[in-house]
Amino acid sequence: MGKTCVGISLESNLTYHSLADELERACADGFDAVEMNLSAFPFIIAGELQPRVAEYVRSVVQRYPLKLTMHAGYGLDLRNLEEYAMHKNVLMASIDACTLLGADRLNLHFEEESMFTARERAFFQAHQEAADYAMERGVMLNIENIEVEYADKAADFVRRLDHKNVGMTLDLGHLYLSACYFGYDYLDTVRRCAPQVRHVHVNDNVGIFEPMRVENHRLYDTLSMGYRTMFGRGDIHIAPFWGKAPLEEGMRILKDAGFSGIWLCEYKSRSFLPFNREVQQRVRRIAEQ
């Protein structure tokens, strides 16, 4: 059995100057991996890959003994038929960016299933094409559950794709919000999803779903994270074990099911600087028990 791999997400508002500091801090806190959002730097402009940016960032990341994973940038929507060509270009460019960066996996949001057959067909076909394209380039695609939808739907989508290069990212924080809002069982869902899970996001919240997330997403995005955190509203991405999600129980189910991928702590780490090492140690301890 290989060493347990515990990672941490990098803040999305990185700068070229802060990147090295963030990576150094991740090492100092004992993490083995980092996850970066493709929106952090101009890796892609108008659907086109910018190789110089990717090569520069890779040159910085390579100085540290950290595995790199990537998260799709904000706004990618393969159900958007009105701008479908652009979104597909961004998807393929995202895969190419992973290749240049030396990242072997890319997380893609499932988001909310639509009521339109044409949109769902386009969503399916785009991921089908991307799976082949990514496999040729050594990049695994992982479909992530979001709090606005039943987590089972992301797992079902992975099963329907039935592609060896596509797995599921199970976000335990998103799952908790979704289970509280829609009224289904958290731990039973972890068990059902476990066979498809290749990557795990470990983050916390208090289980208070923010309806504005589905009713008016643009207005929701204007709410400050400080305000939302203070009142516990929605997907606040606080440090694991600082909220109410049954993370330890969920992690144990995944471990018992044979999960051996990265336990990626995806939270606002700058807000928890004095406690990040403690988080890493607790996640590792649970994963190794």
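At what angle do helix α6 and helix α7 pack?

**Entry 1, ground rules.** I am working from a predicted model, where local features need pLDDT of at least 70, side-chain atom pairs count only at pLDDT 80 or more, and totals for chains, interfaces and linings use all residues. Residues are numbered from 1 along each chain as its sequence is written, and side-chain values use heavy atoms, with hydrogens and water left out. Helices (H or I, at least four residues) and strands (E, at least two) are DSSP runs, numbered from the N terminus.

I looked up helix α6 (residues 172-182) and helix α7 (residues 186-193): they pack at an angle of about 130°, and their axes are 10 Å apart. Axes here are lines fitted to C-alpha atoms, for helices over the stretch in contact, and angles run from 0 to 180 degrees between N-to-C directions. The pair is therefore oblique (under 35 degrees is roughly parallel, over 145 roughly antiparallel, 65 to 115 roughly perpendicular, the rest oblique). I noted the crossing of α6 and α7 as right-handed (the near helix is turned clockwise from the far one by less than a right angle; anticlockwise is left-handed). L172, L175, Y176 and A179 of α6 make the contact with Y186, T189 and V190 of α7 (heavy atoms within 4.5 Å).

I then took helix α4 (residues 117-136) and helix α5 (residues 151-161), whose axes come within 11 Å and cross at roughly 60°. α4 and α5 are therefore oblique to each other, and their crossing is right-handed. On the α4 side the contact uses F123, F124, H127 and Q128; on the α5 side, F157, R160 and L161.

I found D162 in the loop between α5 and β8 (166-171). D162 has a positive phi of about 50° although it is not a glycine. D162 is exposed, at 67% relative accessibility (buried is under 20% relative accessible area, exposed over 50%, partly exposed in between; 1.4 Å probe, protein chains only).

I checked the length of helix α12 (residues 276-288): at 1.5 Å a residue its 13 residues should span 18 Å, and the end C-alpha atoms are 18 Å apart, which agrees. The expected span is 1.5 Å times one less than the number of residues. I listed its buried residues as N276, V279, Q280, V283, R284, I286 and A287. They fall within an arc of 165° seen down the axis of α12, so they line one face of the helix; the arc is that of the directions from the helix axis to the C-beta atoms. These buried residues pack against β1 (5-9), α11 (247-256) and β10 (262-265).
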